[in-house]
Amino acid sequence: MASDVNIVDAGVDRRRYEWILEEGFSGLYLWHARRTLHSAELVMVALVEGEPAGLVIPKRIGSDIGYVYYIAVAKRFRGMGVGGVLLDHTLRFFFEEGRREVYASIEDDNTESIRLFTSRGFRPTGFEELRRKYGGIRATKIYAEMLVVRGETLYVLELTRRDEVERGRGDSYSAT
Ligand SMILES: CC(C)(COP(=O)(O)OP(=O)(O)OC[C@H]1O[C@@H](n2cnc3c(N)ncnc32)[C@H](O)[C@@H]1OP(=O)(O)O)[C@@H](O)C(=O)NCCC(=O)NCCS
């Protein structure tokens, strides 16, 4: 299944992908995810046999940090590895830009999302660790950019070696 997934740039007409977010989020999250879909500098879409099946919105923070803003897979494609392919692609993308830390903020009751991120080695972190790494001022700025809200935990993955992002899953990548 994962081998049939192609990742492409969402291009300019992003409205046609809103339904994927509608299947994944509700309330304020949906409102914000939709807004971000249109304003983000980059949106990557997963195509399965040419059909949109999921999307990821990566965000660059400074010159060295990557952040997975939103990732969502259409209901009928879930549990087949599409989210994994999207995340692997995002990690590779950040790695190639020289970013060695990738963060994601995950709702504590979102078990599917926690599974997805921990399956790639993400671990829980928080403001304190950021402060130790970057000092108070930058940590505050980074944390604010990540929009971590109550009920969510920040996760991090340190990308130290290329082979960690080239997981050899046979994923197929095309233009982004
Ligand atoms: C979170 C979400 C993106 C996951 O997408 P998905 O395509 O279903 O995820 P995958 O099938 O790639 O599974 C990812 C990993 O989770 C694990 N996993 C998935 N289903 C599992 C299950 N039933 N039991 C155990 N592990 C499971 C696997 O380890 C898998 O890793 P693998 O590639 O090594 O097998 C999807 O559930 C979704 O869109 N949810 C709604 C939106 C959302 O909450 N987004 C995240 C917050 S931004």
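Biologist: Which helix does Leu-86 lie in?

Modeller: Leu-86 lies in helix 3, and please keep in mind throughout that we are looking at a predicted model.

Biologist: And is Leu-86 buried or exposed?

Modeller: Leu-86 counts as buried, because it has 26 C-beta neighbours inside 10 Å, and the cut-off for calling a residue buried is 20 or more.

Biologist: Which residues does Leu-86 touch, not counting those up to four places away in sequence?

Modeller: If we leave out residues up to four places away in sequence, Leu-86 touches Ile-7, Met-44, Ala-46, Gly-54, Val-56 and Ile-71.

Biologist: What separates the C-alpha atoms of Leu-86 and Leu-55?

Modeller: Their C-alpha atoms are separated by 7.1 Å, although Leu-86 and Leu-55 are 31 residues apart along the chain. Leu-55 has its own set of contacts, and once its neighbours within four places in sequence are left aside, these are Ala-10, Tyr-17, Ile-20, Val-43, Met-44, Val-45, Ala-46 and Ala-72.

Biologist: How many residues are in the largest nonpolar core, and which of them touch the most other members?

Modeller: The largest nonpolar core has 45 residues, and those touching the most other members are Ala-46, Leu-55, Val-82, Leu-86 and Tyr-103. Strand 4 gives the most to this core, contributing eight residues.

Biologist: Changing topic, what about Tyr-29, where is its place?

Modeller: Tyr-29 has its place in helix 2, which covers residues 27-39. Tyr-29 is partly exposed because 14 other C-beta atoms lie within 10 Å, and its C-alpha atom is separated by 9.8 Å from that of Tyr-70, which is 41 residues apart from it along the chain.

Biologist: Now the ligand, please: which residues come nearest?

Modeller: There are 18 residues around the ligand, and of these Gly-24, Arg-78, Gly-83, Gly-84 and Ser-119 come nearest. The elements giving two or more residues to this shell are strand 4 (65-73), helix 3 (82-96) and helix 4 (111-119).

Biologist: Which element gives the largest share, and how does the shell divide by class?

Modeller: Helix 4 gives the largest share of the shell, with five residues, and by class the shell has seven nonpolar, eight polar and three charged residues.

Biologist: Last one, then: what does the chain come to as a whole?

Modeller: Its secondary structure comes to seven helices and eight strands, and buried residues make up 33% of the 176 residues in the chain. Among contacts between residues at least 6 apart in sequence, 69% join residues at least 24 apart.

Note on methods:
Residues are numbered from 1 along each chain as its sequence is written. This is a predicted model: local features need pLDDT of at least 70, side-chain atom pairs count only at pLDDT 80 or more; totals for chains, interfaces and linings use all residues. A residue is near a molecule or strand if its C-beta atom, placed from the backbone, lies within 6 Å of it. Helices (H or I, at least four residues) and strands (E, at least two) are DSSP runs, numbered from the N terminus. Ala, Val, Leu, Ile, Met, Phe, Trp, Tyr, Cys and Pro count as nonpolar, Asp, Glu, Lys and Arg as charged, and the others, Gly among them, as polar. A residue is buried if 20 or more other C-beta atoms lie within 10 Å of its own, exposed if 12 or fewer, and partly exposed in between; C-beta atoms are placed from the backbone. Two residues are in contact if their C-beta atoms, placed from the backbone, lie within 7 Å. A nonpolar core is a set of buried Ala, Val, Leu, Ile, Met, Phe, Trp, Tyr and Cys residues joined through C-beta atoms within 7 Å.
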